[in-house]
Amino acid sequence: MDTESKDTARARADQEYGAQRRRVLAHGPGPDLDWRVRIAGLGRYLPQRRVASAEIEQRVGLPAGWALHNSGVAFRHWAQPEHERASWMGAQAARMACEQAGIAVGDVDLIVNASGSAERAIPDGGPLLQRELGLGRSGIPALSVHATCLSFVAALELAAERIHHGRIERALIVSSEIASVGLDFDSPEVCTLFGDGAAAAVLERAPDDSPSRIHRIAWRTMGEGVEITTLRGGGSWRPPLGPLTTPADAVFSMQGQAALRSGIRLVPYVMRQLGLDDRAARDGLRWVAAHQASRAALDVIAQIGFEHARMVNTLEHTGNCIAASIPLALEQGVREGTIRRGEPGVLLGTGAGLSGVGLTMTY
């Protein structure tokens, strides 16, 4: 896309954002949940194979520097599935998170696999992860939450509510993604954008003297956009041996500009529900951990105006890791000091479907 068309697209996006924002101003913010929950530990795993954008550019005939300029990715990690299965990767991240939290992996009351990609169709990834952690005979409830790129936030809400209301004491949430097996190398915006990786978080009830809280959650889905980002195969509609199934059904397809425009239309509602629709409210935030959807998507979040917040950016060195992107950003932010205990911040993202989500919390 040339500079003029990019400027035109950005102007159109700004107009759409403004119009959508005006339409939701009449609706007040969502309830202040004040859930007494904290993230006690975080962990990550990145596959050993590091793939530079230059390697992909050469493979598909793109000019040098195209991927960094257009997708925002300098390199990413791709798994070797015979050695680095999704459940195995997730277990490595989970063990790190548990160690940071000062607990054994068996000390949790719930295991949630929160991934947009699946290692198997059946069973779901929860039991696979439980077994990989050496807990196959433990009886600890293990299940999956699948909301594509927003799976981690969905699992965080599910587990945090249970903890806050006393149903459980502690939960382990793991997002482990291998996107590289479903990339379309005829689509430059797809094959240069995605990476593989895993991240995990241990959630527990916050002590009485802890400032950690989950404040508000906003979620909005517009199902009219289901075809904008999709992988059609693997389900009952396009089964592997189905008479209508084609090789194209086995790879991920994305209409990048349409996804960006649709995501922008979701932003005003999410910000309003979080109570962040004016700059004064956003000035109270100290960090932002967003889904690393693309360079353009991160630019949109920056343009919202978080003047006093530190933005966590992992895209350049990991690519878009689907549901693992947000917890990878959290892990990096905490490890590097961008996210500090007792400071308020926000998780933001969009996912296939199309959905937009936001969650405000004090880390």
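**Exercise 1. Aromatic pairs**

Task: State how many aromatic pairs this predicted model holds, and classify the pair formed by Trp 78 and Phe 185 from the distance of the ring centres and the angle of the planes.

Solution. The count comes to three aromatic pairs in the model, which is a predicted one. For Trp 78 and Phe 185, the ring centres lie 6.1 Å apart, and the planes meet at 80°. Rings pair if their centres lie within 6.5 Å, and planes over 60 degrees apart count as edge-to-face; the pair of Trp 78 and Phe 185 is therefore edge-to-face.

Trp 78 belongs to strand S3 (residues 75-78), whereas Phe 185 lies in the loop between S6 and helix H7 (188-191), so that the pair links distant parts of the chain, 107 residues apart. As for accessibility, buried means under 20% relative accessible area, and Trp 78, with 5%, is therefore buried. Phe 185, at 23%, counts as partly exposed.

**Exercise 2. A second pair**

Task: Decide how the rings of Phe 194 and Phe 252 are arranged, and explain which parts of the chain the pair ties together.

Solution. The pair of Phe 194 and Phe 252 has a distance of 5.3 Å centre to centre and an angle of 75° between the planes, and it is edge-to-face. Phe 194 is located in the loop between H7 and strand S7 (197-205), and Phe 252 in the loop between strand S9 (229-230) and strand S10 (253-254), so parts that are 58 residues apart in sequence are tied together by this pair. Phe 194 counts as buried because its relative accessibility is 6%, and Phe 252, with a relative accessible area of 19%, is buried as well.

**Exercise 3. Charges over rings**

Task: Find the ring over which the charged end of Arg 59 sits, and do likewise for Arg 220.

Solution. The charged end of Arg 59 is placed over the ring of Phe 185, at 3.7 Å from the ring centre. Phe 185 is also the partly exposed residue that forms the edge-to-face pair with Trp 78. For Arg 220, the charged end sits over the ring of Tyr 269, with a distance of 4.5 Å to the centre.

**Exercise 4. The second largest pocket**

Task: Describe the second largest pocket by its volume, its lining residues and the classes to which they belong.

Solution. Begin with the volume: the second largest pocket holds about 280 Å³ of space. Its lining comprises 21 residues, and those nearest the centre of the pocket are Asn 113, Ser 117, Ala 118, Gly 125 and Ser 144. Next, assign the lining to secondary structure: at least two residues each come from helix H4 (86-101), helix H5 (125-132) and strand S6 (170-177). Finally, the classes: ten residues of the lining are polar, eight are nonpolar and three are charged.

**Exercise 5. Backbone details**

Task: Locate the cis peptide bonds from Ile 122 to Pro 123 and from Gly 353 to Leu 354, and then examine phi of Thr 148 and of Ile 322.

Solution. The bond from Ile 122 to Pro 123 is cis, with omega near -5°, and Pro 123 lies in the loop between strand S4 (110-113) and H5. The bond from Gly 353 to Leu 354 is cis with omega near 0°, and Leu 354 is found in the loop between strand S13 (344-351) and strand S14 (355-362).

Turning to phi, Thr 148 has a positive value near 45° although the residue is not a glycine; Thr 148 lies in the loop between S5 and helix H6 (151-164) and is partly exposed, with a relative accessible area of 22%. Ile 322, also a residue other than glycine, has a positive phi near 50°. The place of Ile 322 is the loop between helix H11 (315-318) and helix H12 (325-336), and its relative accessible area of 13% makes Ile 322 buried.

**Exercise 6. The whole chain**

Solution. The chain has twelve helices and 14 strands. The C-alpha trace spans about 55 × 50 × 40 Å along its principal axes, and 53% of the 363 residues count as buried.

Definitions and conventions:
Residues numbered from 1 in each chain as written. Predicted model: local features only at pLDDT ≥ 70, side-chain atom pairs only at ≥ 80, totals over all residues. Heavy atoms only, no water. 1 Å grid on protein atoms, 1.4 Å probe; cavity = no way out; pocket = protein on both sides within 12 Å on 5 of 7 lines; lining within 4 Å. Points joined across faces, edges and corners; volume = space filled by probe spheres on them. Helix = DSSP H or I, 4+ residues; strand = E, 2+ residues; numbered from the N terminus. Nonpolar A, V, L, I, M, F, W, Y, C, P; charged D, E, K, R; others polar. Phe/Tyr/Trp six-rings, centres within 6.5 Å; stacked < 30°, edge-to-face > 60°. Buried < 20%, exposed > 50% of the residue type's maximum accessible area, 1.4 Å probe, protein only. Lys NZ or Arg CZ within 6 Å of the ring centre and 35° of its normal.
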